[in-house]
Amino acid sequence: MAVLPIVIYPDPRLRQVSQPVEAITDNIRRLVDDMKETMYATQGAGLASIQIGKPIRLFLLDGMLIDNDSKADAIVLVNPEIISYEGSEEGDEGCLSFPGIFVPITRATRCTVRATNLDNESVEFTGEGIVSRAIQHETDHLNGRLIIDHVGKLKRKLIDRRMRKAEAKTH
Ligand SMILES: [Zn+2]
């Protein structure tokens with residue numbers, strides 16, 4: 001297993017629409033192992049494949065979000081699709097691809113996601129609060145949508161400028 005570098009905004013790869021996973025292969029399992037290690041090393045609540053540069057429809061959620069057990073395994077969702085939304089609430093949201101940025105975003109309070117797991121079984125579950133938020137956030141990544149798309153024009157400009165400055169510094 002390996003901790004992989006996270007793709008940081010404004011890297012254009014984050015705007016790609018990820019492609020469906022055709023089969024659960026050993027390559028996919030290895031990728032998921034690396035993504036788990038990367039997610040825990042960076043203390044993210046979730047991680048989409050595109051954030052490590054792989055444009056496929058797959059994301060992880062920290063198992064702790066759902067289980068409240070610090071040893072809970074990550075939840076792996078392949079080809080996930082949100083099939084229902086309920087309610088709405090505002091909350092601060094961050095993203096591993098936007099280090100240091102937190103913005104208030106309105107999301108559905110509850111949502112149900114349908115996906116395939118690594119055993120090739122169809123799974124469906126409903127998340128509430130922070131879990132619902134994480135599902136919607138990661139699903140956005142699969143469609144090239146980012147937290148910056150959920151804020152007003154001015155704030156968007158400010159964040160964009162700040163991220164480009166930070167990028168310039170590291171190059
Ligand atoms: Zn994110």
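**Reading backbone angles and a helix**

Colleague: I am new to this one. Where does P10 lie?

Modeller: Welcome! This is a predicted model, and in it P10 lies in the segment before helix α1 (26-42).

Colleague: What kind of peptide bond joins Y9 and P10?

Modeller: Start with the general idea: most peptide bonds are trans. Here, Y9 and P10 are joined by a cis peptide bond, with omega about 10°.

Colleague: And how should I read phi?

Modeller: In general, most residues other than glycine have a negative phi. In this structure, N79 has a positive phi, near 50°, and N120 has a positive one of about 65°. Just after α3, G144 also takes a positive phi, about 75°.

Colleague: Where do N79 and N120 sit?

Modeller: N79 is part of strand β3 (residues 75-86), while N120 belongs to the loop between β6 (110-116) and β7 (122-128).

Colleague: Why does N79 count as partly exposed, and not as buried?

Modeller: Burial needs 20 or more other C-beta atoms within 10 Å. N79 counts as partly exposed because it has 17 C-beta neighbours inside 10 Å. N120 is exposed, because 9 other C-beta atoms lie within 10 Å.

Colleague: Now a helix. How many residues of α3 are buried?

Modeller: The general idea first: an α-helix has 3.6 residues a turn, so residues three or four places apart point the same way. In α3, 11 of the 13 residues are buried, so the helix is mostly covered. Among the buried ones are V131, I135, H137 and L142.

Colleague: What does α3 reach from its first C-alpha to its last?

Modeller: Helix α3 (residues 130-142) reaches 19 Å, close to the expected 18 Å.

Notes
Residues numbered from 1 in each chain as written. Predicted model: local features only at pLDDT ≥ 70, side-chain atom pairs only at ≥ 80, totals over all residues. Helix = DSSP H or I, 4+ residues; strand = E, 2+ residues; numbered from the N terminus. Buried ≥ 20, exposed ≤ 12 C-beta atoms within 10 Å, placed from the backbone. Expected span 1.5 Å × (residues − 1).
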